[in-house]
Amino acid sequence: MRLGVLDVGSNTVHLLVVDAHPGARPLPAHSHKVDLRLAQLLDEDGAIGPDGVDKLVEVVHEALRAAEDKGVEEIVPFATSAVREASNADDVLARVRTETGVELTVLSGAEEARLTFLAVRRWFGWSAGKLLVLDIGGGSLEIAYGMDEEPDTAASLPLGAGRLTAAWLPGDPPDPDDVRALRRHVRTEIARTVGEFSRAGAPDHVVATSKTFRQLARISGAARSAEGLYVQRELKRASLEAWVPRLAAMTAAERAELPGVSEGRAGQLLAGALVAEAAMDLFRVEALEICPWALREGVILRRLDHMGHQP
């Protein structure tokens with residue numbers, strides 16, 4: 001069947017269309033993406049304002065038209081931290097449902113971590129052993145660890161690159177004092193979770209997903225996306241540590257000139273780098289591998305698993 005996954009994230013609304021059936025690798029057929037930045041549209045009360053909701057409804061309509069054009073049989077729609085944490089989430093979901101017919105499932109942070117972990121496990125297989133998976137989104141950081149397809153331990157922290165940029169780094173380039181304050185905040189938050197994961201033992205393989213990690217790996221010398229999914233891409237902590245002060249000294253426009261960095265993500269790359277650096281340091285990771293599959297693929301795989309068990 002042709003399946004569509006509609007991901008209403010903190011940065012983007014992304015429709016991924018795949019050709020899929022149970023037991024087979026889903027094959028990407030089409031991608032429709034709009035930068036909406038819901039995480040940055042929250043007002044002082046933590047609500048998504050009227051303009052933000054109008055834009056969301058419009059973008060969901062666009063995604064539905066794209067799905068229809070591509071012959072999608074079923075859409076699996078979900079939302080992550082920006083909608084999950086909005087103070088008017090119920091109203092937003094009701095408006096989307098009423099005006100588009102789309103019933104968005106709001107994933108918890110733990111569900112995000114588990115589904116991303118499933119995608120990484122399927123990508124690398126059982127031979128990868130115990131996995132530690134890191135995923136930096138626009139609104140949150142997900143961490144998961146385990147030996148099986150379900151992680152033994154999973155955590156979600158409010159350390160997304162878009163959220164932190166909006167709250168902590170107003171300057172362009174950012175004020176050095178703001179950067180130091182954000183660095184302390186990020187490390188304090190991550191340090192609280194380290195013990196829970198450390199008790200489970202050292203991982204055999206450390207993996208990262210998400211656009212932030214891919215961009216950090218690219219500026220550190222990893223292969224371009226045009227070279228394909230199956231090229232191994234790695235991010236070393238030493239390289240990342242060298243890049244953080246350079247990113248901090250740049251404007252968003254200057255970061256957008258770096259290889260693999262999109263203009264839309266350039267502004268939040270520093271915050272993402274601070275989170276990545278802190279996680280690698282506190283979890284004692286010298287190098288990690290980038291996985292091309294992440295949350296959307298995890299949602300697809302879980303849906304296919306359910307299809308495979310239906311009579």
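**Close-up views of a predicted model**

**View 1. Overall fold of the protein.** In this predicted model, residues 24 or more positions apart account for 68% of the contacts in the protein with a separation of 6 or more. The fold holds 12 helices and 11 strands. The radius of gyration is 19 Å, close to the 19 Å that the globule rule gives for 311 residues, so the protein is as compact as a globular protein of that length. Its C-alpha atoms fill a box of roughly 50 × 45 × 35 Å along the principal axes. Of the 311 residues, 51% count as buried. The protein exposes about 13700 Å², and carbon and sulfur atoms supply 48% of that area.

**View 2. The largest nonpolar core.** This core has 49 residues. Those with the most contacts inside it are Ile190, Phe213, Leu216, Leu247 and Leu288. Helix α11 (residues 269–282) gives the most to the core, with 10 residues. A second, separate core has 28 residues, including Leu15, Val57, Val96 and Val102.

**View 3. The surroundings of Leu247.** Neighbours within four places in sequence are left aside here.

**View 4. The five-stranded sheet.** The sheet is open, with strand order β3-β2-β1-β4-β5 and mixed pairing. β3 (27–35) and β5 (105–106) stand at the edges. Each has a single partner strand, so one side of each is left without a neighbour in the sheet. Strand β2 (residues 12–19) pairs with β3 in the antiparallel sense, over eight bridges. Val18 stands opposite Pro28 in β3.

**View 5. Helix α1 across the sheet.** Helix α1 (residues 50–69) lies across β1 (2–8), β2, β3 and β4 (74–79). The helix runs at about 155 degrees to β3.

**View 6. A cis peptide bond.** Asp172 and Pro173 are joined by a cis peptide bond, with omega about 5 degrees. Pro173 lies in the loop between α5 (161–168) and α6 (176–198).

**View 7. Two arginines with positive phi.** Most residues other than glycine have a negative phi. Arg37 has a positive phi of about 55 degrees. Its place is in the loop between β3 and α1. Arg37 has a relative accessible area of 16%, under the 20% limit, so Arg37 counts as buried. Arg284 also has a positive phi, of about 60 degrees. Arg284 is found in the loop between α11 and β11 (287–290). At 75% relative accessibility, over the 50% limit, Arg284 counts as exposed.

Definitions and conventions. Residues are numbered from 1 along each chain as its sequence is written. This is a predicted model: local features need pLDDT of at least 70, side-chain atom pairs count only at pLDDT 80 or more; totals for chains, interfaces and linings use all residues. Side-chain values use heavy atoms; hydrogens and water are left out. A nonpolar core is a set of buried Ala, Val, Leu, Ile, Met, Phe, Trp, Tyr and Cys residues joined through side-chain atoms within 4.5 Å. Buried means under 20% relative accessible area, exposed over 50%, partly exposed in between (1.4 Å probe, protein chains only). Helices (H or I, at least four residues) and strands (E, at least two) are DSSP runs, numbered from the N terminus. Contact means heavy atoms within 4.5 Å. Two strands pair if DSSP finds at least two bridges between them. Axes are lines fitted to C-alpha atoms, for helices over the stretch in contact, and angles run from 0 to 180 degrees between N-to-C directions. The radius of gyration is taken over C-alpha atoms; the globule rule is 2.2 Å times the number of residues to the power 0.38. Accessible areas come from the Shrake-Rupley method with a 1.4 Å probe; for residues, only the protein chains shown count as cover.
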